Amino acid sequence: FSFEHCNAIATAIKEKRGGRYHAGSATVVLSAGKLAVMRDGDRTMKKFSPVAIDLRGLPREVITPQGRALLRIARSARATGRVRTAKQHLDLEALRTAGKIEIRHPARGDACTPSGRSRAISLARFLGKSGVPTSGRASVPLLCAGGRIAAVLGLRVMEPFKPKRSKPVLEVGWHATDM
């Protein structure tokens, strides 16, 4: 990087702006309060094909190039508050009645209704507010049921898949892998 590149990046950070800065064989991306340096041509994460899940013969884990989802059916939801944990609980009955269940990447125009909200927002907006940089948003793993986003794995469960007290839940633990 030249002095001009470093100065432009420092100014953007100071002014709390995002953007892409290209210099030589590298690109600096400022997004969602994070800085990432990438070599040109590098991808942040590998894409994978959607993985279908059958809740009748529930597999113990689903493996994708990005990581693995550990699945188990639990008796009831435990109150976890707003603390982010490695495990997420989803209403098992809502998942069973919703239709086809799969893990996939975001698609253009996706919308979601985060738990605790009554109206849908764009997935891109949700990911931005959750601190996911633009460079990583296309490869975020989604658990979908019946064509709707049930959870952004590792971030948040969506309505109406939020667990109900004393009802059976699907416990999903997401473990990302570096690839």
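In which loop does Ser130 lie? Ser130 sits in the loop between helix 3 (123-129) and helix 4 (134-137). The structure described here is a predicted model, in which local features need pLDDT of at least 70, side-chain atom pairs count only at pLDDT 80 or more, and totals for chains, interfaces and linings use all residues. Residues are numbered from 1 along each chain as its sequence is written, and side-chain values use heavy atoms, with hydrogens and water left out.

The secondary structure of the protein comprises 4 helices and 14 strands. Helices (H or I, at least four residues) and strands (E, at least two) are DSSP runs, numbered from the N terminus. Of the 179 residues, 40% count as buried. Buried means under 20% relative accessible area, exposed over 50%, and partly exposed in between (1.4 Å probe, protein chains only). The protein exposes about 10,900 Å². Carbon and sulfur atoms supply 51% of that area. Accessible areas come from the Shrake-Rupley method with a 1.4 Å probe; for residues, only the protein chains shown count as cover. Among contacts with a separation of 6 or more, 62% join residues 24 or more positions apart. A contact means heavy atoms within 4.5 Å.

An open sheet is formed by 3 strands in the order 1-2-3, with antiparallel pairing. Its edge strands are strand 1 and strand 3 (34-39), each of which pairs on one side only. From one strand to the next, the twist averages 20°. Helix 1 packs on this sheet and touches strand 1, strand 2 and strand 3. The direction of helix 1 makes about 170° with that of strand 1. Axes are lines fitted to C-alpha atoms, for helices over the stretch in contact, and angles run from 0 to 180 degrees between N-to-C directions.

Strand 1 (residues 19-23) and strand 2 (residues 26-31) pair in the antiparallel sense over 5 bridges. Two strands pair if DSSP finds at least two bridges between them. Gly19 has Leu30 of strand 2 as its bridge partner. Ala23 is bridged to Ala26, also in strand 2. The hairpin of these strands has 2 residues between them, and Gly24 takes a positive phi near 60°.

Ala8 belongs to helix 1 (residues 3-14). Its relative accessibility is 30%, so Ala8 counts as partly exposed. The C-alpha atoms of Ala8 and Tyr21 are separated by 8.3 Å, and the two residues are 13 apart along the chain.

Several loop residues complete the picture. Ser130 is buried because its relative accessible area is 17%. A polar atom of the Ser130 side chain lies 2.9 Å from the backbone oxygen of Phe126. Lys16 is found in the loop between helix 1 and strand 1. Lys16 is exposed, with a relative accessible area of 77%. Most residues other than glycine have a negative phi, and most peptide bonds are trans. Phi of Lys16, however, is positive, near 55°. Glu159 and Pro160 are joined by a cis peptide bond, with omega about -5°. Pro160 lies in the loop between strand 13 (156-157) and strand 14 (169-176).

Methods. Polar contact = N/O pair within 3.5 Å; in protein donor to acceptor, adjacent residues only side chain to side chain.
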